[in-house]
Amino acid sequence: MAAWELAKAGHSVDLIEKSNVMSATSSASTKLLHGGLRYLEHGRFSLVRESLRERAWWLEAAPDVTQVIPILFPIFQGSPRSRWTIKLGMVLYDRLAGKFGVGKHRWMNCDELLEVIPDLKSAGLKGAYLFYDGQMDDHALGLWATEQAKAEGVTVREHTRVDRITADGSVEIQGSQRQYDRVVNVAGPWVVELLKQSGLPHEYDLDLVRGSHLLLDRAMNYGLMLNARTDGRLFFVLPYKGKTLLGTTEVRQELNEPVACSKSETDYLITAYNDTFDDSIDQSDVVSSFAGLRPLLKSHKNPNKATREYRIEQHEKVITVFGGKWTTARSLAKEIATKANNQPA
Ligand SMILES: Cc1cc2nc3c(=O)[nH]c(=O)nc-3n(C[C@H](O)[C@H](O)[C@H](O)COP(=O)(O)OP(=O)(O)OC[C@H]3O[C@@H](n4cnc5c(N)ncnc54)[C@H](O)[C@@H]3O)c2cc1C
């Protein structure tokens with residue numbers, strides 16, 4: 001998205017990717033184009049408003065690989081948040097979306113709810129809020145954005161690792177150097193590594209938190225946002241391409257550790273599912289799993305509460321992005337393009 005926005009602003013852009021475009025974090029998301037209802041709890045109103053506006057843009061710009069999906073948030077006796085707290089969140093979510101809304105929330109009583117999700121465990125069930133969010137095929141959407149960038153004149157160089165960058169705009173690849181007017185470091189979880197190996201300073205830092213998902217061989221019509229019974233964490237059960245996407249987890253890790261769904265994460269997700277539905281699952285229902293490393297802005301001890309906001313840091317000709325979300329990739333890219341137009345300090 002940064003390459004596309006920079007090209008739109010009239011720059012000549014090389015996008016340099018060590019592997020294939022869309023081979024890392026951006027293909028391993030929960031696939032939601034969303035404001036992030038839970039970020040309201042942490043007072044991130046401007047992030048939510050920005051994300052809801054961007055959600056509408058994606059849905060309109062790339063309708064073949066995005067869609068609106070209905071999501072239910074069931075409330076049980078003893079749920080960590082009361083019905084009225086959730087109601088307040090739902091009202092705020094609709095208000096912050098304003099004219100970019102994709103459907104207003106409403107309350108569903110138990111009978112209505114069990115009609116659409118018959119195997120939801122009904123003990124202590126009070127009902128659910130129904131709301132709407134965007135869903136994407138993240139891999140396909142990223143490839144779509146890459147094609148838009150190419151059409152705008154961006155040159156994409158895959159299987160090309162950047163070894164070092166310098167503050168005055170030089171990029172080193174396998175011993176040879178090329179000079180640029182600006183270098184934008186959007187290497188996701190690897191941004192700090194690239195700065196470190198380049199000997200460049202950085203004010204912000206990242207927390208790397210793995211999130212895993214399971215794809216289940218089950219079809220469903222509604223998504224669900226749920227609290228895991230074991231630890232109260234929020235997780236999603238979403239319809240995805242005729243199957244069910246179940247996730248996610250939060251495991252802090254180092255960059256050099258494998259980014260893959262562990263046995264304990266699989267067990268955690270299966271338990272969370274079975275604690276919620278009567279029709280239980282086991283390993284044989286899992287078609288596949290995938291994991292991604294969230295490049296979170298280092299700001300909070302609990303990754304669940306860590307901000308999904310981003311920071312853009314400029315050091316002479318090098319612009320680095322820390323954190324962010326898929327949903328806000330375009331607005332982030334616009335900020336990068338604005339920064340790139342300014343003379344470096
Ligand atoms: C589990 C999980 C669930 C998520 N769910 C959502 C969601 O539902 N909605 C949402 O909006 N956001 C979500 N996110 C956040 C979102 O996916 C990320 O913020 C976003 O994908 C990060 O994109 P990126 O381009 O910064 O990183 P990446 O997609 O990782 O891209 C960085 C690229 O840089 C390349 N690279 C690294 N080092 C070098 C180098 N030296 N030279 C050349 N290339 C290099 C890598 O190969 C990689 O392709 C989720 C994230 C995770 C992990």
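I began with G242, which sits in the loop between β13 (234-240) and β14 (243-247). Strands here are DSSP runs of E of at least two residues, helices are runs of H or I of at least four, and both are numbered from the N terminus. The model is predicted: local features need pLDDT of at least 70, side-chain atom pairs count only at pLDDT 80 or more, and totals for chains, interfaces and linings use all residues. Residues are numbered from 1 along each chain as its sequence is written, and side-chain values use heavy atoms, with hydrogens and water left out.

**Loops**

I looked up the accessibility of G242. G242 has a relative accessible area of 55%, so G242 is exposed. My cut-offs are under 20% for buried, over 50% for exposed, and partly exposed in between, with a 1.4 Å probe and protein chains only. I then took the distance from G242 to M220. They are 22 residues apart along the chain, and their C-alpha atoms are separated by 7.3 Å.

Next I went to A123, in the loop between α4 (110-116) and β5 (125-136). A123 counts as exposed because its relative accessibility is 67%. A123 and V102 lie 21 residues apart in sequence, and 32 Å separates them in space, C-alpha to C-alpha.

**Helix α2 and the tryptophans**

I checked the length of helix α2 (residues 45-61). Its 17 residues should span 24 Å at 1.5 Å a residue, and its end C-alpha atoms are 24 Å apart, so the two agree. The expected span is 1.5 Å times one less than the number of residues. I listed the buried residues of α2; among them are L47, V48, E50, R55 and W58.

W58 counts as buried because its relative accessibility is 0%.

I then searched for aromatic pairs. Rings of Phe, Tyr and Trp (its six-membered ring) pair if their centres lie within 6.5 Å; planes under 30 degrees apart count as stacked, over 60 as edge-to-face and the rest as tilted. The count came to 10 aromatic pairs. One is W58 with W144, edge-to-face, at 6.5 Å centre to centre and 65 degrees between the planes. W58 lies in helix α2 and W144 in helix α5 (residues 138-151), so this pair ties together parts 86 residues apart in sequence. W144 counts as partly exposed because its relative accessibility is 21%. I also noted the distance from W144 to W84: 40 Å between C-alpha atoms, at 60 residues apart along the chain. W4, W57, W58, W144 and W326 form one aromatic cluster.

**Ligand**

Which residues of the shell are closest to the ligand? I found E17, T25, S26, L32 and T327, among 30 residues that surround the ligand. A residue is near if one of its heavy atoms lies within 4 Å.

I looked at polar contacts next (pairs of N or O atoms within 3.5 Å). An N or O atom in the side chain of S26 is 2.5 Å from an oxygen atom of the ligand. A polar backbone atom of T30 is 3.0 Å from a ligand nitrogen atom. W326 has a polar backbone atom 3.0 Å from an oxygen atom of the ligand. The protein covers 89% of the 1,000 Å² of accessible area that the ligand has on its own. Those areas come from the Shrake-Rupley method with a 1.4 Å probe.

I sorted the shell by class: 11 nonpolar, 13 polar and six charged residues. β11 (206-216) and β16 (286-297) each supply at least two residues of the shell. The largest share, three residues, comes from β16.

Conventions. A polar contact is a pair of N or O atoms within 3.5 Å; within protein, one must be able to donate a hydrogen and the other to accept it, and residues adjacent in sequence count only if both atoms are side-chain atoms. Ala, Val, Leu, Ile, Met, Phe, Trp, Tyr, Cys and Pro count as nonpolar, Asp, Glu, Lys and Arg as charged, and the others, Gly among them, as polar.
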